[in-house]
Each structure stands twice: as C-alpha cells, then as structure tokens.
Amino acid sequence: MELKIDLHIEKLPEGMYLATSDSIQGLVAQGRTIAETLEIARDIAKKLLEAQEEVNKTTLPEFGDQFDHSIVIAV
C-alpha cells in the first residue's frame, strides 16, 4: 500500500533543509540536500506509521491512478 504524505520543506539559515508534515504528527527530518531530506523523511514516516499502526489505523489518503507531485531541479 502506498500513502500520500504532504511535506513542508524549508531551507535553514545554516544551509540544511528541514521537512515537517501535518499529515503525520512527529515527522521532522533534516538533511544536507533536498533529496537527502526526502529520503530521511520517507524513512521516518514509515517508522512512525508502523508505530501508529499498533494503536490505530491511519486515515492518510492512498495514491490513485492520477495524482499531482512537485519536483525541484537546480538550473
């Protein structure tokens, strides 16, 4: 099963990136690049969902046949 999790990513003054989510309480990830931050956020989200699964079922939306997704590229 794949779930859609919305992330908010911001660049910190130190040059690092910080990802948080309103979709999953407690999701906070920090990395040197956006890609690294997304990878860390994915791992943390999976662990948080596994921990929450024991307590209750998640209500996050699943991916359908169509969805919107943003990507970031450096030019």
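Helices (H or I, at least four residues) and strands (E, at least two) are DSSP runs, numbered from the N terminus. The model is predicted, so local features need pLDDT of at least 70 and side-chain atom pairs count only at pLDDT 80 or more, while totals for chains, interfaces and linings use all residues. Residues are numbered from 1 along each chain as its sequence is written, and side-chain values use heavy atoms, with hydrogens and water left out.

**First stop: Ser21**

Select Ser21, in the loop that runs between strand 2 (17-20) and strand 3 (28-31). Ser21 counts as buried because its relative accessibility is 11%; buried means under 20% relative accessible area, exposed over 50%, and partly exposed in between (1.4 Å probe, protein chains only). Which backbone atoms does the side chain of Ser21 reach? The backbone oxygen of Asp6 is at 2.7 Å, and the backbone nitrogen of Ser23 lies 2.9 Å from a polar atom of that side chain. Beyond its neighbours within four places in sequence, Ser21 is in contact (heavy atoms within 4.5 Å) with Ile5, Asp6, Leu7 and Leu27.

**Second stop: Thr37**

Thr37 is buried, because its relative accessibility is 0%. A polar atom of the Thr37 side chain lies 3.2 Å from the backbone nitrogen of Gly31. With neighbours within four places in sequence set aside, the contacts of Thr37 are Tyr17, Leu18, Ala19, Ala29, Gln30 and Gly31.

Now display the side chains of Glu36 and Arg32, which meet in a salt bridge at 3.0 Å, N to O. The term denotes a side-chain nitrogen of Lys or Arg within 4 Å of a carboxyl oxygen of Asp or Glu. A search of the whole structure finds one salt bridge. Glu36 is partly exposed because its relative accessibility is 24%, whereas Arg32 is exposed, with a relative accessible area of 60%.

**Last stop: the nonpolar core**

Finally, select Leu3, Ala19, Ile24, Leu27, Ala29, Ala41, Ala45 and Leu49, the eight residues of the largest nonpolar core. Such a core is a set of buried Ala, Val, Leu, Ile, Met, Phe, Trp, Tyr and Cys residues joined through side-chain atoms within 4.5 Å. Helix 1 gives the most to this core, with three residues. In soluble globular proteins, nonpolar side chains tend to be buried together.

Terms used
A polar contact is a pair of N or O atoms within 3.5 Å; within protein, one must be able to donate a hydrogen and the other to accept it, and residues adjacent in sequence count only if both atoms are side-chain atoms.
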